[in-house]
Amino acid sequence: MATLADYGPEVRAEVKQVREVVAALHDQLIKWNLVVWTAGNVSQRLRTADLMVIKPSGLRYEYLTPSSMVVCDLDGNVVDGAESPSSDTASHAYIYRHMPDVYGVVHTHSTYATAWAATGQDIPCGLTMMGDEFGGPVPVGPFRLIGSEAIGEGVVETLKKYPKSPAVLMQNHGPFTIGKDAEAAVKAAAMTEEVSHTMWAARQLGEIIPIQQEDVDKLNDRYQNVYGQH
């Protein structure tokens, strides 16, 4: 089994940098009320090797440091780290193997997104910000048990049907989000919870008015290609 010492200095330098990024991003999960206790995880894939950095299993957030982040290969085998990796490691690895443009994966149990997941309902696209960020509804994925790559399989098969969405609500479990890096996946997790809450509130007031797909496509194109700094 390979260890980090078997990799060259460029890879080891990126591991150091990504460990710092991933450790810091876990603070954002707390900041945006996306997790409690030890639930949830962030990972980022390296660009210099088929490796990823992921949160250790069962450690409280205040104890997380760059050195506690675990380095694994894309089959989920530990390459470097004193702790056991997240129980979702196999699923993160599956996503990276099957979605080559994805370099960040996040899983949370945020309250409103997980409530939609518990009811097995897509979050309908009733907000312009959903068109911007998700290109349509936030889809629900299948029920899968934790501990193998089965959840990753469900994420990939669902997002193939919704190629513009960076988020899927795994039924009876919670949201998984993807991105061009871990920060983008954390942003998607925060946005998923925001729209989950707003659309739940809208349901209490009456029927949600869906946005026509033609308009959703225009919103998404503008947001992805025009909005912000380039």
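Tutor: Val53 sits in strand 2, which covers residues 51-54. Keep in mind that this is a predicted model. Val53 counts as buried because its relative accessibility is 0%, and the cut-off for buried is under 20%. Setting aside neighbours within four places in sequence, Val53 has contacts that include Val18, Arg19 and Val22. Val42, Ser43, Gln44 and Leu46 are also among its contacts, as are Met69, Val70 and Val71. Pro85 lies 32 residues from Val53 along the chain, with 9.2 Å between their C-alpha atoms.

Helix 7 takes in residues 213-225, and its 13 residues should span 18 Å at 1.5 Å a residue; the end C-alpha atoms are 18 Å apart, in agreement. Its buried residues include Val216, Leu219, Asn220 and Tyr223. These four cover an arc of only 95° around the axis, so they lie on the same side of helix 7. An α-helix has 3.6 residues a turn, so residues three or four places apart point the same way. On the face turned away from the buried side, helix 7 carries the exposed Glu214 and Lys218. The buried residues pack against helix 4 (128-134) and helix 6 (182-205).

Helix 6 also packs with helix 3 (residues 111-119), at an angle of about 65° and with the axes 7 Å apart. The two are therefore roughly perpendicular to each other, and their crossing is left-handed.

Notes. Residues numbered from 1 in each chain as written. Predicted model: local features only at pLDDT ≥ 70, side-chain atom pairs only at ≥ 80, totals over all residues. Heavy atoms only, no water. Expected span 1.5 Å × (residues − 1). Buried < 20%, exposed > 50% of the residue type's maximum accessible area, 1.4 Å probe, protein only. Arc of directions from axis to C-beta. Contact = heavy atoms within 4.5 Å. Axes fitted to C-alpha atoms, helices over the stretch in contact; angles between N-to-C directions. Parallel < 35°, antiparallel > 145°, perpendicular 65-115°, else oblique. Left-handed = near helix turned anticlockwise from the far one by under 90°.
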